[in-house]
Amino acid sequence: MKAGSNLEKVLEGGYFTVTAEVGPPKGTLANVVKRKGELLKSYCDALNVTDNQTAIVRMSSWSGCILLKDMGIDPVMQMVVRDRNRIAIQSDILGAVALGIRNVLCLSGDHQKFGNHPTAKGVYDIDSIQLIQTLKTMRDEKKFMNGEDISGEVQLFIGAAENPFADPFEYRVMRLVKKVKAGADFIQTQGIFDVGKFIKWMGMVRDQELDKKVHILAGVIPIKSVGMARYMRDNVSGISVPDAIVTRMEGAKDVKEEGVQIALETIDQIKEIDGIHGIHIMAVAWEDIVPVILERAGLLPRPIL
Amino acid sequence: MIITKKRDFEELMENVKNYRNFFLLGCSECATLCGTGGEPELKAMKEALEAEGKSVTGTFVAKTGCQVLGTKVELKPFKEAMDKTDCIIVMSCGAGTQTAVELYEDKPVYPANDSLFLGNMTRLKVFDERCSLCGECILDKTGGICPITRCAKSLLNGPCGGSQDGKCEISPDLPCAWELIIKRLSKIGCLHLLEEIMPPKNWEPSYNSGLPTQKGKK
């Protein structure tokens, strides 16, 4: 075991794994995080806490992780390189490990232009692949980026994101190779709506035998409304929502139920893909639906271990 | 060249409202090409100041405004105009402005332009940012396209998940630098260069805080 986290145990145990996302509040109320934790606790193997997602200032990911950990949940700390240089990154990792956080998801982060402080200076001292590499060096060699020794163990289970729907499509897998080479232990993908394209991408992943080297969790985003479907299709970079999905939502009598149906169909198809080790549900502002979806998908009880 | 943009005239007027007499200093290099500090722009500025009831004691377009000693020599004949002026308005880049600061320690100096970036003129009066002066060139590894400058996140191992149809997520007008890099490396048969993880960048050479350098060496 590299970190001994629940997520690592479940994935290494070969179980089909379920993770979900907790967005921290734009404020100081710990109860917002705890409430989401309470809601999802019995339905997931680990919970991600986002790091100022879409570049909007929120409670820090590590503090959200601690609130969840205190409830007996295995947290995944998301960390973006947009807001920290290599000094702050390594310092935050030491602190997170000291507090018992074991899973870290390495991300570049949405560009600051999209957030609520668009005049901020983006840091981008290192990139997400270099962040993976940094964490691996800290864990395996107990060394900082500059080669100096770290005192104490750095137990980390290292995650990375991948977006199979970004361009250039043919190059995406080559970049995933780099992430695995850098030291990623698990991958959580962008939300999948175009399953056909995802299947094609997974074929390329298997050709490189990456599914044998890294645990891949497929991203699922439940769609709550027609507006959300349209918004994601037209405005959210990196997400590809086919027109057929939008049309289906538009034509639905019970829109929310249709959203759940789409998510369930997606999960059913994903489960059949060779090399997929689990799903990661990102129910943005619709956490309540996660238990419903997982129950109907037959993925309970959780945590599996 | 250094790409500059004219600042708002009213803002400039607010900054210099307490002065009456002005000397205008332009530059025949980048600022002239950008149309922000050549003869026509100095003439227009002179007229605008006069329309505001101000007086202009002299105007001069330096050959190379960032060349301190050369500019000093060129400005010698303007001693009388400089003595009469209350302040100097510099119509070139931030470096040109600081030449005037260095040469005239007892005169207030105001920049008339914002310095935007180091770029190329790709078409007439169209400027594209191309270099961030980061101090340690990586163009040899990226097919001659600079991701430090042209990738919105300055990624060294791109592209990120926001690359769509060849465009960057931050603007439909911005090509994804990494898509350009991949295309170019494919064309010249060097795509294998991207197989290696590019290590974290040494930013030290880019932060020199005004430390004097000689012959390009620190």
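Biologist: Is A:Lys142 buried, partly exposed or exposed?

Modeller: This is a predicted model, and the states given here are computed from it. The relative accessibility of A:Lys142 is 26%. Buried would require under 20% and exposed over 50%, so A:Lys142 counts as partly exposed.

Biologist: With which side chain does A:Glu153 meet in a salt bridge?

Modeller: Side chains of opposite charge can pair when their charged atoms come close. A:Glu153 is itself exposed, at 55% relative accessibility. Its N to O distance in the salt bridge is 3.6 Å, inside the 4 Å limit. The partner is A:Lys142.

Biologist: How many residues apart in sequence are the parts that this pair ties together?

Modeller: The salt bridge joins the side chains of A:Glu153 and A:Lys142. Both residues lie in the loop between α5 (128-140) and β5 (157-162) of chain A, so the parts tied together are apart in sequence by 11 residues.

Biologist: In which helix do B:Glu80 and B:Lys84 both lie?

Modeller: The side chains of B:Glu80 and B:Lys84 form a salt bridge, 3.8 Å from N to O. B:Glu80 is exposed at 57% relative accessibility, and B:Lys84 is exposed at 53%. The two are four residues apart, about one turn of the helix, and that helix is α5 (residues 79-84) of chain B.

Biologist: What covers the buried residues of α8(B)?

Modeller: The buried residues of α8(B) are B:Ala177, B:Trp178, B:Glu179, B:Ile181, B:Ile182 and B:Leu185. Their cover includes elements from both chains: α7 (147-150) and β9 (171-175) of chain B, together with α6 (169-182) of chain A.

Biologist: Which residue with positive phi follows α8(B)?

Modeller: Helix α8 of chain B comprises residues 177-187. The phi of the residue in question is near 70°, and the residue is B:Gly189.

Biologist: How many residues of chain A are in contact with chain B?

Modeller: Chain B and chain A bury about 2,500 Å² between them, with 53% of that area on carbon and sulfur atoms. Chain B contributes 28 residues to the contact, and the number from chain A is 29.

Biologist: Which side chains meet in the salt bridge across this interface?

Modeller: Between chain B and chain A there are 21 residue pairs in polar contact, counted where both residues have pLDDT of 80 or more. The rule for salt bridges finds one across the interface. At 3.9 Å from N to O, it is formed by A:Lys181 and B:Glu196.

Biologist: Which strands are the edge strands of the open sheet of four strands in chain B?

Modeller: The strand order is β3-β2-β4-β5, with parallel pairing. An edge strand pairs on one side only, and in chain B the edge strands are β3 (55-62) and β5 (109-111).

Biologist: What is the average twist from one strand to the next in this sheet?

Modeller: The sheet is open and its strands pair in parallel. From one strand to the next, the twist averages 20°.

Biologist: In β5(B), which residue is the bridge partner of B:Val90?

Modeller: Strand β4 (residues 87-90) of chain B pairs with β5(B) in the parallel sense, over three bridges. The bridge partner of B:Val90 in β5(B) is B:Pro111.

Biologist: Which helix packs on the sheet, touching β2 and β3 of chain B?

Modeller: The direction of this helix makes about 135° with that of β3(B). The helix spans residues 68-75 of chain B and is α4.

Biologist: Which residues of strand β2 of chain A point the other way from A:Ala46 and A:Asn48?

Modeller: In a regular strand the side chains alternate between the two faces of the sheet. In β2 (residues 46-49) of chain A, A:Ala46 and A:Asn48 point one way, and all four residues are buried. Those pointing the other way are A:Leu47 and A:Val49.

Note on methods. Residues are numbered from 1 along each chain as its sequence is written. Chains are lettered from A and ligands numbered from 1 in the order in which they are written. Side-chain values use heavy atoms; hydrogens and water are left out. Buried means under 20% relative accessible area, exposed over 50%, partly exposed in between (1.4 Å probe, protein chains only). Two strands pair if DSSP finds at least two bridges between them. Axes are lines fitted to C-alpha atoms, for helices over the stretch in contact, and angles run from 0 to 180 degrees between N-to-C directions. Contact means heavy atoms within 4.5 Å. Buried area is the accessible area (1.4 Å probe) that two parts lose on being put together, summed over both. A polar contact is a pair of N or O atoms within 3.5 Å; within protein, one must be able to donate a hydrogen and the other to accept it, and residues adjacent in sequence count only if both atoms are side-chain atoms.
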